[in-house]
Amino acid sequence: MLLLLGLLLIGPPAQAEESKCTLLGRAQLPELSKDGDMIIGGIFSFHTGQEADIQSFKIIPKPLPCKNVNFREFQFALTMIFAIEEINRNSEMLPHASLGYKIYNDCGTSNIMRAALALVNGQDQAIHSNNCTEPGTVQAIIGHSGSTPTIGFATVIGRFHIPVVSHFATCACLSNRKEFPTFFRTIPSDYYQSRALAQLVKHFGWTWVGAVSSNNDYGINGMATFMQVAQQEGVCVEYSEAFDSTGPYNVLLRIVNIIKRSTSKVIMAFMTHREIKVLVEETERQNITDIQWIGSDAWITDTSLTNSKGNKALVGAIGFVVSKAQIPGLQNYLQRLHPSHFPQSSFVREFWEIVFNCTLATGSKKYQKRPCNGSENLQNVQNQFTDVSELRFTNNVYKAVYAVAHALHNLYTYEHGYGLDSSSTLPPWKVPVSVCSESCPPGTRKAVQKGKPVCCYDCIPCAEGEISNTTDSTECTKCPDDKWSNEKRDRCVTKEIEFLSYEEIMGITLAFVCSFGVCLTIIVFIIFFHYRDTPVVRANNSELSFLLLFSLTLCFLCSLTFIGRPSHWSCMLRHTAFGITFVLCISCVLGKTIVVLMAFRATLPGSNVMKWFGPSQQRLSVLVFTLIQVLICLLWLTLSPPFPNKNTKYYKDKIILECDVGSAVGFWAVLGYIGLLSALCFVLAFLARKLPDNFNEAKFITFSMLIFCAVWITFIPAYVSSPGKFTVAVEIFAILASTYSLLFCIFLPKCYIIVFKPELNSKKHLMGKMASKSL
C-alpha cells in the first residue's frame with residue numbers, strides 16, 4: 001500500500017524532451033461520444049441487470065457484464081443526442097461554441113460511479129502538456145434514472161462543482177443542498193408524490209392498506225413520507241416491507257406470505273419496475289389475486305411490465321405520472337438510427353441484432369442467426385424505443401439538456417471578464433473570490449468582529465420581529481405592530497388574528513351549550529305554564545318563577561354575544577346585556593327568597609307582614625334592583641364604553657382581537673353589584689333554609705347561590721390570567737355554569753315532582769306535611 005502511494009506521488013519518470021501525465025489503470029471509454037467545444041456527460045443504464053461473478057482478487061477485476069436490454073434508457077440517451085444536435089443547429093444559442101457529448105452505458109452502482117468519475121477526470125491515456133491539471137472535464141452530467149446510483153455519484157461530483165441534472169431520480173433526500181450542492185432535476189421530488197399517493201388512497205376510502213418498497217434510498221425515503229402522511233390522513237398501514245430485486249429469494253417469499261395472510265386488499269408499491277416485476281410474478285405463482293395495486297411513477301407507466309409473467313395482476317393499478325409531451329422531430333430521428341452512425345458502440349450493434357433477430361458479425365456462426373443484410377430499417381418497427389406516444393421521462397431528458405445549454409449560453413452572454421471564446425476552457429464554477437467574510441444573506445445583519453477590520457464580520461440572524469431584506473444589511477428593521485417576521489427573517493408577514501369564533505371547536509361547543517340551555521329553559525317554562533294551577537307551582541310564587549325563567553333564557557342568549565369577531569356594538573352589548581340580565585335573574589331569586597321569609601312570618605299569630613310584600617311590592621323590588629344596574633351600565637357606556645382592541649402585547653406573532661372594557665371601574669361596578677345581590681340572596685336563603693317543607697324552596701336557592709358565588713369567585717383569577725380568546729371562553733363558562741346552577745337547583749326538583757311524582761303535587765299532601773311538622 002505504501003509502495004503504491006509512493007508511486008502515485010512520484011508519478012512517471014521525467015523525460016528530457018517533454019513531461020506528460022499518464023493515466024494509471026484502464027481507461028473506460030463512453031458508449032456514445034462526439035467532440036465539441038464543451039462536453040455534456042450522460043449516464044444511462046441500457047441494461048437493467050448484471051451477471052453475477054465471484055472475484056478472486058488475483059487480477060484486476062473486470063466490470064461485470066450487463067444483461068436485460070432496456071429500450072427506454074436507450075431512448076433517453078438518443079433524446080439527449082437529438083437535443084444537443086438541435087442546439088448546435090440553432091444559431092441563436094452558443095453561436096461561437098459547439099456542444100459535444102460523452103454518454104456512458106453502465107449497470108450496477110460501482111460501474112455507474114466509475115463512469116461518473118471518468119466524466120469528471122477525463123480518460124485520455126496521456127496528456128502531453130506542461131499543465132497536467134486540466135483534464136477533459138464535462139460541463140454537466142445528465143442522469144441517472146435511479147435515485148440510489150445518483151445519490152452515490154452526486155455526493156462526489158458535487159465536490160468538483162459539476163452540475164448533475166437528473167430526469168428521473170425523484171428521492172426527496174436529493175433536495176438536501178448541503179449534501180448535494182450541485183444536484184438539479186427536471187422531475188418533481190418524491191416528497192410531493194408520496195403525499196399525493198397517501199391522499200389518493202384516502203380519496204378512495206382505503207383506510208387499511210399494505211406497503212412494499214424497494215430496499216434502497218428511493219423506496220425507503222418515499223415510503224417513509226407516504227406512511228407519515230397516511231397516518232395524518234387517517235389511513236392505517238397493516239404492514240411495511242422492503243426488498244431488493246437481486247436480494248435473497250427467501251426475503252421475497254417472506255413478503256409474499258405476509259401479503260397472502262394479510263386482510264388488506266390494497267398494496268402501495270413504492271419501487272422500480274424491477275422489484276414490482278419479481279413481486280407480481282411470485283404473487284401470480286402463488287395464486288394471490290384480488291389486489292388493488294397503487295404504484296409510484298418508477299413503474300406505473302413502464303410498458304416493459306406488459307411482457308412480465310404477472311402482468312395480469314397489475315391490471316387496474318393506479319398512480320401519478322409525469323405529464324405527456326411531444327418533441328417534434330424525435331420520432332424520425334430515432335427511426336433513422338443505424339449502427340454505422342456509432343461504429344464504436346457495442347450496444348448499438350447488440351440493439352440492432354435483438355430488434356431484427358440477425359447478426360452483424362461476419363464469418364461467425366456463434367449466434368446461429370442470419371446475417372443482417374443491410375436493408376433493416378426502424379421505420380417499420382414498433383417497440384419501446386421507437387414509441388413516442390407518451391414522452392414523459394424522455395421529455396425530462398430533453399429539458400435537462402436545454403437547461404444546461406441555456407445556462408452555458410447565459411455565461412457566454414452575460415459574464416464579462418473571462419474573455420471566453422470557442423477554444424476556452426469553461427470553468428464549472430465562477431471570477432476568483434477574495435473576501436474576509438462571505439456576504440450576509442437577507443434575514444441577517446453584519447456584526448464587525450472585535451479587533452478586526454470592517455471587512456471581517458459575522459452574520460447575525462435578525463431577532464424575532466425584525467427583518468433585513470437586502471444582502472449585507474448593517475441593521476435589522478423592526479416590523480410594524482400588526483406584522484411579524486417570517487422564519488427566514490427577510491419579510492414581514494401579517495400577524496394571525498385570534499378571537500373566539502363560531503368556526504372553531506371551542507366556539508361551536510360553547511354555542512351548543514348556550515343553545516341547549518335555552519331549549520332546556522323553554523321546556524321548563526312550558527311545564528310550569530301547563531301546571532301553573534298546581535300547588536307546587538303556586539306555592540313557590542309562580543309569577544316570579546316565570547320571570548326568573550325568562551331572565552335565565554336571556555342569560556343563556558347573552559353568552560352568544562361573546563362569540564364572534566368583536567365590533568364596536570358587540571363589545572358594548574355583550575357586557576351590558578350580561579350585567580342587566582344577571583341582575584334581573586338575581587332580583588327574581590332575591591324576591592322569591594324574601595317571599596319565603598315573609599310567608600313564614602305571616603303564619604305567626606297577629607302578623608300582617610305579607611301586606612308589605614305582596615305581588616306589587618315584589619314587581620317593584622325586581623324593577624328597582626334592575627334599574628340600578630341599568631343606570632350603572634348607562635354611566636359606563638356614556639363615560640368610557642367597551643371597544644374592540646387589537647392586543648399585540650400578549651403574543652409576539654399573533655394579534656388578539658378582544659373587547660377592551662374601557663372603564664375598569666364601570667366593569668367591576670357591574671360585577672360588584674351582581675356579587676352584592678348574590679351575597680344578600682345567599683344570606684337570606686341560608687336563614688330560611690329550615691322553614692316548613694311547603695316553603696323548602698329556600699334550600700334549593702341556598703345551594704344554587706352557593707354554586708353561583710363559587711363560580712364567580714373563581715372566575716376573577718381565571719379571567720385575569722387567561723390568554724387571548726381563552727379569556728372570553730372563561731367568561732362564557734362562568735355565565736353558563738352559574739345560569740345552569742340556578743336552572744337545575746331551583747326548577748329541577750319541582751319539575752321532577754310535577755312530571756314523575758304527581759301524587760305529591762296536591763294541596764292535601766302539602767297541608768298534611770305542614771300539619772305533621774307543626775305537631
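1. Helix α8 makes the greatest contribution to the lining of the largest pocket, supplying 6 residues. The model under discussion is a predicted one. Other elements that each provide at least two lining residues include the strands β4 (47-50) and β5 (66-69) and the helices α2 (71-89), α3 (109-121) and α4 (147-157), alongside α8 (273-285) itself.

2. The volume of this largest pocket is about 1400 Å³. Its lining comprises 48 residues, and those nearest the centre are H47, T48, G49, H273 and R274. Sorted by class, the lining of the largest pocket holds 25 polar, 12 nonpolar and 11 charged residues.

3. The next point concerns a sheet. Five strands, in the order β12-β11-β13-β14-β15, make up an open sheet with parallel pairing. Strands β12 (236-243) and β15 (318-319) are at the edges; each has a single partner strand, so one side of each is left without a neighbour in the sheet.

4. Helix α5 (residues 190-203) lies across β11 (208-214), β13 (266-270), β14 and β15, and runs at about 175° to β13. Helix α6 (residues 217-232) lies across β11, β12 and β13, at about 160° to β11.

5. Is C440 buried or exposed? Its relative accessibility is 0%, and the limit for a buried residue is under 20%, so C440 counts as buried. This cysteine is located in the loop that joins α11 (393-414) and β18 (444-448).

6. Which residues does C440 touch, once its neighbours within four places in sequence are left aside? The contacts are with R445, K446, Y457, D458, C459, T470, T471 and D472. A further residue, T474, is 34 residues from C440 in sequence, and the two are 9.3 Å apart in space, C-alpha to C-alpha.

7. By class, the lining of the largest cavity contains 8 nonpolar, 4 charged and 2 polar residues.

Key. Residues numbered from 1 in each chain as written. Predicted model: local features only at pLDDT ≥ 70, side-chain atom pairs only at ≥ 80, totals over all residues. Heavy atoms only, no water. 1 Å grid on protein atoms, 1.4 Å probe; cavity = no way out; pocket = protein on both sides within 12 Å on 5 of 7 lines; lining within 4 Å. Points joined across faces, edges and corners; volume = space filled by probe spheres on them. Helix = DSSP H or I, 4+ residues; strand = E, 2+ residues; numbered from the N terminus. Nonpolar A, V, L, I, M, F, W, Y, C, P; charged D, E, K, R; others polar. Pairing = 2+ DSSP bridges. Contact = heavy atoms within 4.5 Å. Axes fitted to C-alpha atoms, helices over the stretch in contact; angles between N-to-C directions. Buried < 20%, exposed > 50% of the residue type's maximum accessible area, 1.4 Å probe, protein only.
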